[in-house]
Amino acid sequence: MSVEKKKTVVTHSPEETRRLATELLRELKPGAVLALHGDLGAGKTCFVQGLAAALGVQHAVNSPTFVLIHEYPSTPPLYHADLYRIRDADDAFGLGLEEYFKGDGITVIEWAERATEILPPETWHLHFEVGKDLTERIITLETPHPNRNSPS
Ligand SMILES: Nc1ncnc2c1ncn2[C@@H]1O[C@H](COP(=O)(O)OP(=O)(O)OP(=O)(O)O)[C@@H](O)[C@H]1O
Ligand SMILES: [Mg+2]
């Protein structure tokens, strides 16, 4: 038996959200999958920018709205998907995301709730909420459940 670990962090600026990403990155193993949940403007892309900066990615990181997935050749590679434009998991199956999950990169998915069915059991779930002022964000991190890896 194991207890699901949840941690809530409140950030007060985009910089703090990016720093949180840098700190979390230290806990991630190659092959990690992060599902980012939260409304428009909640700070998901900002968080990915923090991951990218910590990995030494030189390119500007924006939501991959048209291509759906951006690949950054860092070590480990960063795969950034945004599922805002898909309708459901059927669309997601056509994207080949599963191939990224099998690799050694860090895969981070905005609007992951559009395709929860395809996420591996060991996915980290991060929930972003706007707080009581414009620059406050309440970010809840759910670590993967170890027991979900074993068949039920
Ligand atoms: N504490 C904070 N953390 C993150 N972003 C913040 C914070 N305070 C203000 N912001 C601002 O909120 C916006 C967050 O935008 P971002 O593109 O990261 O949202 P998003 O969740 O990716 O939205 P979308 O679903 O449209 O892709 C940015 O303009 C950023 O400057
Ligand atoms: Mg975004």
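A polar contact is a pair of N or O atoms within 3.5 Å; within protein, one must be able to donate a hydrogen and the other to accept it, and residues adjacent in sequence count only if both atoms are side-chain atoms.

## The model

This is a predicted model, where local features need pLDDT of at least 70, side-chain atom pairs count only at pLDDT 80 or more, and totals for chains, interfaces and linings use all residues. Residues are numbered from 1 along each chain as its sequence is written, chains are lettered from A and ligands numbered from 1 in the order in which they are written, and side-chain values use heavy atoms, with hydrogens and water left out.

A backbone N or O atom of Gly43 sits 3.0 Å from an oxygen atom of ligand 1. The side chain of Lys44 places an N or O atom 2.7 Å from an oxygen atom of ligand 1. For Thr17, a side-chain N or O atom is 2.6 Å from a nitrogen atom of the ligand. On its own, ligand 1 has 640 Å² of accessible area (Shrake-Rupley method, 1.4 Å probe), and the protein covers 74% of that.

## The shell around ligand 1

The shell holds 19 residues (a heavy atom within 4 Å). Helix 2 gives the largest share, 3 residues.

## Thr123

Thr123 lies in the loop between strand 5 (106-110) and strand 6 (124-130). Helices (H or I, at least four residues) and strands (E, at least two) are DSSP runs, numbered from the N terminus. The Thr123 side chain reaches the backbone oxygen of Pro120 at 2.6 Å.
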